[in-house]
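Subject: Structure handover and notes

Hello,

Please find the structure below.

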Amino acid sequence: RYSGPCAAYAYKQVDPSKIKTVFILGPSHHAYLPGCALSRTTTYDTPLYPLPIDQQIYTELKATGAFETMTLDVDESEHSIEMHLPYIAKVMQSRKNAFTIVPVLVGALNVDGETKYGSLFSKYLLDPANLFVISSDFCHWGKRFKFTHYDKTYKHIYQSIEALDRQGMDLIASRDADG
């Protein structure tokens, strides 16, 4: 009903035999963040088995001075990274003790921030042993998320939400970051 079938299809394309590190970039929902943040934990638990966080890469990223450290509260409240963990654990099960993860919470980046973090991640993107999972976690509507936009030119709320989603997808497809 939601993103599960789409995620499962995407993860089915992954060849675990070639992956040593899985980077998971997810948008921040619960805390304002002008940049990116790293977890303070050393593993993320899944129903299948714990996923170890790559401490060497975390040390390299921290050394740039460009990353904050999430509070445990923010880390536990966030779901944009968490929702990918069972899929990663399942697809990588044959290499259970032979890979690590690098969870990164992404904040409200401006164009300069996008360029900065793109540059910082570029060396990791070039390594074919790294898999990058980018969580779009596209639309959150409702009082819980403090977003209840309703364009009354549409008869039903779901139609207004769908129109807003399509506007966003059109901007992404046209690569129009400024909207």
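Predicted model: local features only at pLDDT ≥ 70, side-chain atom pairs only at ≥ 80, totals over all residues.

Residues are numbered from 1 along each chain as its sequence is written, and side-chain values use heavy atoms, with hydrogens and water left out.

The core

In soluble globular proteins, nonpolar side chains tend to be buried together. A nonpolar core here is a set of buried Ala, Val, Leu, Ile, Met, Phe, Trp, Tyr and Cys residues joined through side-chain atoms within 4.5 Å. Buried means under 20% relative accessible area, exposed over 50%, and partly exposed in between (1.4 Å probe, protein chains only). The largest nonpolar core has 41 residues, and those with the most contacts inside it are Val22, Phe67, Ile88, Ile101, Val104 and Phe121. At least two residues of this core come from each of H1 (4–12), S1 (21–27), S2 (36–38), H2 (55–63), H4 (85–91), S6 (100–106), H5 (111–125) and S7 (130–134). Strand S6 gives the largest share, five residues. Helices (H or I, at least four residues) and strands (E, at least two) are DSSP runs, numbered from the N terminus.

What does valine 104 contact, leaving aside its neighbours within four places in sequence? Its contacts (heavy atoms within 4.5 Å) are Ile24, Leu25, Gly26, Cys36, Ala37, Leu38, Phe67, Ile81 and Phe121.

Helices H2 and H5

Two packed helices are described by the angle between their axes and the distance between the axes. Axes are lines fitted to C-alpha atoms, for helices over the stretch in contact, and angles run from 0 to 180 degrees between N-to-C directions. The axes of H2 and H5 come within 11 Å and cross at roughly 150°. H2 is therefore roughly antiparallel to H5 (angles under 35 degrees count as roughly parallel, over 145 as roughly antiparallel, 65 to 115 as roughly perpendicular and the rest as oblique). Ile57, Glu60 and Leu61 in H2 meet Phe121, Lys123 and Tyr124 in H5. Of these, lysine 123 is exposed, with a relative accessible area of 52%.

Helix H6

Helix H6 covers residues 157–173, and its 17 residues should span 24 Å at 1.5 Å a residue; the expected span is 1.5 Å times one less than the number of residues. The end C-alpha atoms of H6 are 24 Å apart, which agrees. The buried residues of H6 are Ser160, Ile161, Ala163, Asp165 and Gly168. After H6 comes arginine 175, with a positive phi near 55°.

Single residues

Not counting residues up to four places away in sequence, threonine 21 touches Asp54, Ile57, Thr100, Val102, Ala129, Asn130 and Leu131.

Serine 136 is in the loop between S7 and H6, and is exposed at a relative accessible area of 53%. Serine 136 and leucine 25 are 111 residues apart in sequence and 8.8 Å apart in space, C-alpha to C-alpha. For lysine 123 and serine 136, the values are 13 residues and 22 Å.

Leucine 48 lies in the loop between S3 (43–44) and S4 (51–52). Leucine 48 counts as partly exposed, because its relative accessibility is 42%. Not counting residues up to four places away in sequence, leucine 48 touches Pro86, Ala89 and Lys90.

Regards
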